[in-house]
Amino acid sequence: MSDFEQAIDSILARDTRYARGAYLFLREALDFTQAEMVRTTGKPRHVTGQELLEGLKKLALQQFGPMAWTVLDDWGIHACPDWGEIVFNFIDSKVLSKTDTDSKADFANGYDFDETFRRPFQRTPLGQ
């Protein structure tokens, strides 16, 4: 078992709010977001909470499409602050690092999950 998997096991032993899949997906989304930054700026740098939220949104829609809401809900993710909780669980476990200005509040003013993951895929009745 890798150190990363052991860290997730340790987190899940003390915080059961979120499923293992949420932690794995956040790590994937962080890599995705960093790769996008390198493509646009030519160099890696620290990812802010707002940048990570955008990466999480893009990757969730790309991978899960209309099922994104269902997958995230199944993992216990209902709003952007949930991602902040997961990030800070990783920080507390020394999996991720933070700057002096990073905080859970960085995830508070993200996007509306209903508007982002549900409404674009809802059917409208014929004739409307």
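Helices are DSSP runs of at least four residues, numbered from the N terminus. In this predicted model, asparagine 89 lies in one of them, helix H5, which covers residues 80-92.

The protein chain as a whole is helical in its secondary structure, with six helices and zero strands. Read along the sequence, the pattern is α-α-α-α-α-α. The C-alpha atoms fill a box of roughly 55 × 40 × 30 Å along the principal axes. The chain has 128 residues, and 38% of them are buried. Contacts between residues at least 6 apart in sequence were also examined. Of these contacts, 65% join residues at least 24 apart.

Helix H2 runs over residues 20-41 and has 22 residues. From its first C-alpha to its last, H2 reaches 32 Å. This is close to the 32 Å expected at 1.5 Å a residue. The buried residues of H2 are Gly21, Ala22, Tyr23, Phe25, Leu26, Ala29, Leu30, Phe32, Thr33 and Met37. Their cover includes helix H1 (3-14), helix H3 (49-64), helix H4 (68-75) and H5. Just after H2, glycine 42 takes a positive phi of about 85°.

Asparagine 89, in H5, has a relative accessible area of 9%. Asparagine 89 therefore counts as buried, because this value is under the 20% cut-off. Residues up to four places away in sequence are set aside in its list of contacts. Asparagine 89 then touches Ile11, Arg14, Asp15, Arg17 and Tyr23. Tyr23 is itself one of the buried residues of H2. With aspartate 15, the link is also polar: a polar contact of 2.9 Å joins the two side chains.

Glutamine 34 is found in helix H2. Its relative accessibility is 31%. Glutamine 34 is therefore partly exposed, because 31% falls between the 20% and 50% cut-offs. Apart from neighbours within four places in sequence, glutamine 34 is in contact with Arg45 and Val47. Glutamate 51 is 17 residues away in sequence and 9.3 Å away in space. Proline 44 is 10 residues away in sequence and 6.5 Å away in space.

Proline 44 sits in the loop between H2 and H3. Its relative accessible area is 64%. Proline 44 is exposed, because 64% is over the 50% cut-off.

The open space in the model was examined next. Rolling a probe the size of a water molecule over the atoms shows where empty space is left. The largest pocket holds about 230 Å³ of space. Its lining has 17 residues, and the closest to the pocket centre are His46, Val47, Val87, Leu96 and Ser97. Val47 is also in contact with glutamine 34. H2, H3 and H5 each supply at least two residues of the lining. The largest share, three residues, comes from H5. By type, the lining of the largest pocket divides into eight nonpolar, six polar and three charged residues.

Terms used
Residues are numbered from 1 along each chain as its sequence is written. This is a predicted model: local features need pLDDT of at least 70, side-chain atom pairs count only at pLDDT 80 or more; totals for chains, interfaces and linings use all residues. Side-chain values use heavy atoms; hydrogens and water are left out. Buried means under 20% relative accessible area, exposed over 50%, partly exposed in between (1.4 Å probe, protein chains only). A polar contact is a pair of N or O atoms within 3.5 Å; within protein, one must be able to donate a hydrogen and the other to accept it, and residues adjacent in sequence count only if both atoms are side-chain atoms. Contact means heavy atoms within 4.5 Å. The expected span of a helix is 1.5 Å times one less than its number of residues. On a 1 Å grid over the protein atoms alone, a cavity is a set of points where a 1.4 Å probe fits but cannot get out, and a pocket is an open set with protein on both sides within 12 Å along at least five of seven lines; lining residues have an atom within 4 Å of a point. Grid points are joined across faces, edges and corners, and a volume is the space filled by probe spheres set on the points. Ala, Val, Leu, Ile, Met, Phe, Trp, Tyr, Cys and Pro count as nonpolar, Asp, Glu, Lys and Arg as charged, and the others, Gly among them, as polar.
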